[in-house]
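User: I have a model open and want to know what stands behind the labels put on it. Take me through them one by one.

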Amino acid sequence: YQRRVRKQWYQRRVRAHPPQQFKMPSKKAKKAQENINSRLALCMKSGKYTLGYKSTLKTLRSGGAKLVIISSNCPPLRKSELEYYAMLAKCYIHHYTGNNIDLGTACGKYFRVSTLTITDPGDSDIIRTCLLYTSPSPRDRQKS
């Protein structure tokens, strides 16, 4: 009797919560991600940057930031705070499609990176590339 009850409970639970289907990213999104990753790697070698939330806030307050990259699993409150500071500093923001582990790997680090600020892109044209994949910046909004 207990086996039958347990089996029925399990069947009801499986029907109520089916396994979620994950959508594979399109080829265009994957290519854009690879494009940004390669430019980010070049920026890490030849440019200047700061990693982490606290140093990002410091750079935004001082006005030295040119581009802020935020990972997808950054907490919403922190994300909105960074967006607000970036709006005040009139710098660009790019929402990275991968999580903080992917962003850390793209930077060539062995740790997680939730936010990253680029102060000098060096030989990389990452700022111009990120503008293609992001919404209009505060500078563009003021002109129109």
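User: What pattern does the chain follow, read along the sequence?

Analyst: The pattern is α-α-β-α-β-α-β-α-β-α-α, which comes to seven helices and four strands. Helices (H or I, at least four residues) and strands (E, at least two) are DSSP runs, numbered from the N terminus. This is a predicted model, in which local features need pLDDT of at least 70 and side-chain atom pairs count only at pLDDT 80 or more, while totals for chains, interfaces and linings use all residues. Residues are numbered from 1 along each chain as its sequence is written, and side-chain values use heavy atoms, with hydrogens and water left out.

User: What makes β1 and β3 edge strands?

Analyst: The sheet is open, with four strands in the order β1-β4-β2-β3 and mixed pairing. β1 (48-51) and β3 (92-95) each have a single partner strand, so one side of each is left without a neighbour in the sheet. From one strand to the next the twist averages 20 degrees.

User: How do you know that β2 pairs with β3, and in which sense do they run?

Analyst: Two strands pair if DSSP finds at least two bridges between them. β2 and β3 are joined by four bridges and run parallel; one of the residues concerned is I70, whose bridge partner in β3 is H95. Four bridges also join β2 to β4, but these strands run antiparallel, and V68 stands opposite T117 in β4. β1 and β4 are antiparallel too, over four bridges, with L51 partnered by L116 in β4.

User: Why is β4 called mostly covered?

Analyst: Five of its six residues are buried. Buried means under 20% relative accessible area, exposed over 50%, and partly exposed in between (1.4 Å probe, protein chains only). For the chain of 144 residues, 34% count as buried.

User: Which helices lie across the strands, and at what angles?

Analyst: α3 lies across β1, β2 and β4 (115-120), at about 40 degrees to β4. α4 lies across β2, β3 and β4, at about 155 degrees to β3. Axes are lines fitted to C-alpha atoms, for helices over the stretch in contact, and the angles run from 0 to 180 degrees between N-to-C directions. Contact here means heavy atoms within 4.5 Å.

User: Why is Y53 called buried, and what does Y53 touch?

Analyst: Y53 belongs to helix α3 (residues 53-62). Its relative accessibility is 17%, so Y53 counts as buried. Leaving aside neighbours within four places in sequence, Y53 is in contact with R78, E81, L82 and T115.

User: What makes R78 a charge over the ring of Y53?

Analyst: The rule asks for NZ of Lys or CZ of Arg within 6 Å of the ring centre and within 35 degrees of the ring normal. The charged end of R78 sits over the ring of Y53, 4.2 Å from its centre. The side chain of Y53 also makes a polar contact with that of E81, at 2.5 Å. A polar contact is a pair of N or O atoms within 3.5 Å; within protein, one must be able to donate a hydrogen and the other to accept it, and residues adjacent in sequence count only if both atoms are side-chain atoms.

User: Is S71 buried or exposed, and where does S71 lie?

Analyst: S71 lies in the loop between β2 (67-70) and α4 (76-89). With 1% relative accessibility, S71 counts as buried. Its side chain makes a polar contact with the side chain of N73 at 3.3 Å. Beyond four places in sequence, the contacts of S71 include K79, Y96, N100 and V113.

User: Why is the pair Y84 and Y85 called edge-to-face?

Analyst: Rings of Phe, Tyr and Trp (its six-membered ring) pair if their centres lie within 6.5 Å; planes under 30 degrees apart count as stacked, over 60 as edge-to-face and the rest as tilted. The structure holds one aromatic pair. Y84 and Y85 are 6.4 Å apart, centre to centre, with 70 degrees between the planes, hence edge-to-face. Y84 is partly exposed at 48% relative accessible area, and Y85 is partly exposed at 22%.
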